[in-house]
Structure formats: C-alpha cells, structure tokens
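This briefing describes a ligand site and the protein around it. The points below are grouped by topic and may be read alongside the sequence and the model.

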Amino acid sequence: MKCARNPKIQAFTRMGFVLSLCGSAIGLGNIWKFPTMMASSGGSSFLLVYLVCLCLIGIPVLVFEMILGNTTQMTPRAYFKHTRILKIFRHLPALNNTLILSFYAVISGWILLALLLSVQKALTGQETLNYHLMVNYPWSLGLAGLLFVAITATICQRGIRDGIEKLNVIVLPMLMVIILGLVAYCFGHGFLSLGFDYMFGARNVSLSVGLVSAALGHAFFTLSLGTGVVWTYGHFLAKERHKPVASGIQNGLIIAGADTAFALLIGLIIFSVLLGTHMNAAGGPDLIFRVLPVVFSKIPLGSVIEIVFFVLVFVCALTSSVSMFEVMRHTRTVRETIRLGLLTWALSILTVVSLNTPSTITVFGATPFVHFDTITTRVLMPLFGILVFGTAIIRGVLAIKARRPLKTPHASSSPL
Ligand code: PHE
C-alpha cells in the first residue's frame, strides 16, 4: 500500500514545523546527558563552553540545514544522489539515524516499562519489580524496545501532518506544563537553591580539548544536527519564498533557545531533588533508573512525581524518535515501515546485551552501546555537519553570483 505524497496532507504548518523540530531536539540528551555533563565537567564553565559552541557552530549548522531542506525541497538522500561528488554520502543520514535509534529505542522502552511499573505501584501500593532491575531481564528490555519502535513507526506512518505534527503540537505544551510544575514543586519544598548552586556554582576546571569536544559533540546531539533530521523536516515545509534566510535564523534561535532552556530546567529539577534528599549525583541510565527511584521514595508525593516524571521523559523520547525514523524512510509504504522497524529492533538487541548486567558483552574493550554512541556523535554527525556547511556555503555563493553578475569594465564602457 502506497501513501502518495500529497503536499496538503504531508507538509508541516509553520507552527507545526517549529514545534516538531523543538520536539526532536528535546530528548533523552537533555534529560540525562546535559545535566550529567554539566555537573561532571565543571558546572558553569561547561555551560559557558557549550553556549559558545552552540552559538558559533550549532546554530549556524541548524540554520544551514533548515534552509537547505527548504530551498531544495529534497531530502538529503535525494539531494546527494543528484550531486556527483556527494553521491557516496547519500545513505549517511539513514545509517546515522538507524544506529542512534537502535540504542535510543532500548532506553526509551525501558522508560515506558518504568512508567507502567510506577503507575502499578501507585495503584496497588506494592512494588512487584524495581525498574532498575530490568537489566537482569533482557527479554523484557528487548520487548519494551520493540514496543517503542512500533509506536514510533505507527506515528510516522500516519504522515507528517496527522502523525508527527499532531504528536508535537499536543505534547509540547504538555511538557511545558509538567516542567514548570516540577520546578514549582522543587521551589515549594526548598530544594531549588541547592540545585542552582550545584549547576551554576563556579568550580576549578581548566579549559581542555576534552571539554570543548564534549561540549561540541553535545551541541550536535541535542540539536539533532548531522543526522539529516533538520534538513528532512525543512523539505516538508512549503518553500519559503520571502526571506528564507531571515526565517531560518529566527526558527533556529527559537529551537536552540527552547532546547537549552529545557536542558537547564530539567537539570535544575534533577539536582535539586537529588541534593534535597542527600543523594549523590550519578549519570546516564544509572541516574534515571537507579538513583531517582530512591529519591522518589523519599520525597513528599513521590509516587505522583515519579509518574509525572516518566510521562515527561517518555514523551520527550518519542518526539525525538519519530524524527529519526522519518529520515530512515525512502518511501511511505507499510512494508518499508515494518522492514525498517524490524531492522532497528534487531540492531537494538546489541544495546540490550550491552546493558545486561550478568553477562554484558564487550567488543574491543567497550559495549556495542558505547561504540554506537561514539561512532555516531564523534564521527558520523560531525561528518554530515561538515557536508552541510560546505554545501550551504557553495550554494549561497552560487546564488549570490547568479543574482548579481560581476560587472566587468567593458560592460559599462562598451558602446555596443
Ligand atoms: N536531540 C535528541 C536528544 O537530545 C536526540 C536526537 C539525535 C534526535 C539525533 C534526532 C536525531 O535526545
């Protein structure tokens, strides 16, 4: 069954476009990567380096990618396919997104299980299984990953306007309400100043290459750059005929601003409740699945806050995963959707066995999960970012030349 690309049904509205890119940017990267990196890499000094990377590299690449998608009205794959030198890179976006989604789906599936278990605990008052123990049950992690991929694929299959845009338009305002509610909760319980000091208090950290590359890598990951997401979404927006550069800059600033504000607020909430309950800061899955459950059991209204928190994390993960899945597709057929979903799930098994505590598998000294994360954020994303940068500059120069042909002295003085 083929779903033809009807521009009226498939194209984003302008507001839906900006919200969907905000949804793609706001994800697990904000919830566990950013606060942990900030706390472990020197609080305010990391923030400063990150903001510089964001302004000097992140936002320009974001704007370029958006303009390229919108002005060419082609996906990156179609564009590269028609460009002789870039042809070999045409599968890079799909490859990059498949690798990222394969580990993203496992963690997101785990969050879905945590949400279900926390609802069950709130209703029955009993804890049947603590969700941090899920790593001991690889089958449940694998099936949760499959469920998450299936939800992602179903939303994408509904199309841009009815699937992706609708999801983002509904859940982003909900996210804002949840996050402000959680900030108010921390403030009301007197935790907020502790989190604030921890995150923004100056620490003795010297500027190093490691710090800069971590901040730059995070700017790419959190803005969903270097994966073709921004380019692909840009091509689903009707062509901007009036001031495409100005509107690209305006949208880029809104998206980067919303993403950074969200990361700072979620960091503030996490560290406020951690320090308010005298817990040590942890990072990655450890923070969400091991430390936070203990925190929730200690704070007032903990079981409600726990459910609200997991709804927030799940929704953030979903708005990001749909953007990755959309880039992986070449057609909109049901058969291709199922094939890609199963491929992602098959790859995600490598992440399941990376997290499985009794028998974690390692290859060349690290788990497949760590390799996937490193290859995508350190190699494939920057590579695609360089291609975007180069393509945008060349197209920009050609466009300027085409509009204003250089006057030669002969042109004005010739009597002919
Ligand atoms: N930006 C998302 C996050 O912060 C992750 C992501 C990466 C989404 C690449 C799409 C593409 O979690």
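A backbone N or O atom of G29 lies 2.8 Å from an oxygen atom of the ligand. The model is predicted. In this model the protein buries 100% of the 320 Å² that the ligand exposes when taken alone. The ligand takes up the space of the largest cavity.

- A polar backbone atom of F221 is 2.9 Å from a nitrogen atom of the ligand.
- A polar backbone atom of S24 is 3.1 Å from a nitrogen atom of the ligand.

**Shell around the ligand**
- The ligand is surrounded by 16 residues, of which A25, L28, G29, Y104 and F221 are the closest.
- Four helices each supply at least two residues of this shell: helix 2 (14-25), helix 3 (28-40), helix 10 (209-222) and helix 14 (302-328).
- By residue class, the shell comprises seven nonpolar and nine polar residues, with no charged residue.

**Cavities**
- The structure contains four cavities of 30 Å³ or more.
- The volume of the largest cavity is about 130 Å³.
- This largest cavity is lined by 18 residues, and those closest to its centre are S24, F221, S224, S320 and M324.
- Two or more lining residues of the largest cavity come from each of helix 2, helix 3, helix 6 (92-124), helix 10 and helix 14.
- The lining of the largest cavity consists of eight nonpolar and ten polar residues, and no charged residue is found in it.

**Residues in both descriptions**
- F221 is among the residues closest to the ligand, and F221 is also among those closest to the centre of the largest cavity.
- S24, with a polar backbone atom 3.1 Å from a ligand nitrogen atom, is likewise one of the residues closest to that centre.

Terms used
Residues numbered from 1 in each chain as written. Predicted model: local features only at pLDDT ≥ 70, side-chain atom pairs only at ≥ 80, totals over all residues. Heavy atoms only, no water. Near = heavy atom within 4 Å. Polar contact = N/O pair within 3.5 Å; in protein donor to acceptor, adjacent residues only side chain to side chain. Areas by Shrake-Rupley, 256 points an atom, 1.4 Å probe, with all protein chains shown as cover. 1 Å grid on protein atoms, 1.4 Å probe; cavity = no way out; pocket = protein on both sides within 12 Å on 5 of 7 lines; lining within 4 Å. Sits in = over half its atoms within 2 Å of the grid points. Nonpolar A, V, L, I, M, F, W, Y, C, P; charged D, E, K, R; others polar. Points joined across faces, edges and corners; volume = space filled by probe spheres on them.
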